[in-house]
Amino acid sequence: MVEQAYQDLKAAGRQYDEQTLFQDAYNEEGNNACRLTVYYDGGRTRVTVLVALEEREGYYLFKEMTCLPEEVDSEYQAVFKEMEATCGIEVSVMEDLGRHSQ
């Protein structure tokens, strides 16, 4: 589902930075997956996490969580830690998202 959502958004005109596509993460226990990537919105950088959470067997909930690097402050790491807990997926590169604000 994460790959399909990514391809759909790309086909709709979202300009992803293919050089900044992080490795997908998967949580087998919860059957959840996420993809962390970067795209451009009117010249502004956006860091986004596409998440598929299995709600029932064969049915998934899709979420997209976007970081606005220009608004990153000292609290962003806590926000992403909370997001990791919500998704049930630990993505170590989330701690490095602030570098896109430069």
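Visitor: Which element gives the largest share of the lining of the largest pocket?

Guide: A pocket is an open set of points on a 1 Å grid over the protein atoms alone, where a 1.4 Å probe fits, with protein on both sides within 12 Å along at least five of seven lines, and its lining residues have an atom within 4 Å of a point. Elements are DSSP runs numbered from the N terminus: helices (H or I, at least four residues) and strands (E, at least two). With four residues, the largest share of that lining comes from H2.

Visitor: What should I know about the source of these values before going on?

Guide: This is a predicted model, in which local features need pLDDT of at least 70, side-chain atom pairs count only at pLDDT 80 or more, and totals for chains, interfaces and linings use all residues. Residues are numbered from 1 along each chain as its sequence is written, and side-chain values use heavy atoms, with hydrogens and water left out.

Visitor: How much space lies in the largest pocket?

Guide: Twelve residues line the largest pocket, and Cys 67, Leu 68, Tyr 76, Val 79 and Phe 80 lie nearest its centre. S5 and helix H2 (76–87) are the elements that give two or more residues to this lining. Taking volume as the space filled by probe spheres set on the grid points, which are joined across faces, edges and corners, the largest pocket holds about 190 Å³.

Visitor: By class, how many residues in that lining are charged?

Guide: Asp, Glu, Lys and Arg count as charged; Ala, Val, Leu, Ile, Met, Phe, Trp, Tyr, Cys and Pro as nonpolar; and the others, Gly among them, as polar. On that scheme the lining has eight nonpolar residues and one polar, while the number of charged residues is three.

Visitor: How is the protein chain laid out, and what is its pattern along the sequence?

Guide: The protein chain has two helices and five strands. Read along the sequence, these follow the pattern α-β-β-β-β-β-α.

Visitor: Within what arc do the buried residues of H1 fall?

Guide: Buried means under 20% relative accessible area, exposed over 50%, and partly exposed in between (1.4 Å probe, protein chains only). In helix H1 (residues 2–11), the buried residues are Val 2, Ala 5 and Tyr 6. They line one face of the helix because, judged by the directions from the helix axis to the C-beta atoms, they fall within an arc of 100 degrees.

Visitor: Which strands do those buried residues of H1 pack against?

Guide: Contact means heavy atoms within 4.5 Å. The buried residues of H1 pack against strands S1 (15–16), S3 (32–41), S4 (44–56) and S5 (59–67).

Visitor: Which side chain has a polar contact of 2.7 Å with Arg 35?

Guide: Arg 35 lies in strand S3 and is buried, with a relative accessible area of 8%. A polar contact is a pair of N or O atoms within 3.5 Å; within protein, one must be able to donate a hydrogen and the other to accept it, and residues adjacent in sequence count only if both atoms are side-chain atoms. At 2.9 Å, Arg 35 is joined to the side chain of Asp 24. At 2.7 Å, its partner is Glu 3.

Visitor: What separates the C-alpha atoms of Phe 22 and Arg 35?

Guide: Phe 22 sits in the loop between S1 and strand S2 (25–27), and it is buried at 17% relative accessible area. Phe 22 and Arg 35 are 13 residues apart along the chain, and their C-alpha atoms are separated by 7.0 Å.

Visitor: Is Phe 62 buried or partly exposed?

Guide: Phe 62 has its place in strand S5 and touches Met 1, Ala 5, Leu 50 and Val 51, not counting residues up to four places away in sequence. Its relative accessible area is 29%, so Phe 62 is partly exposed.
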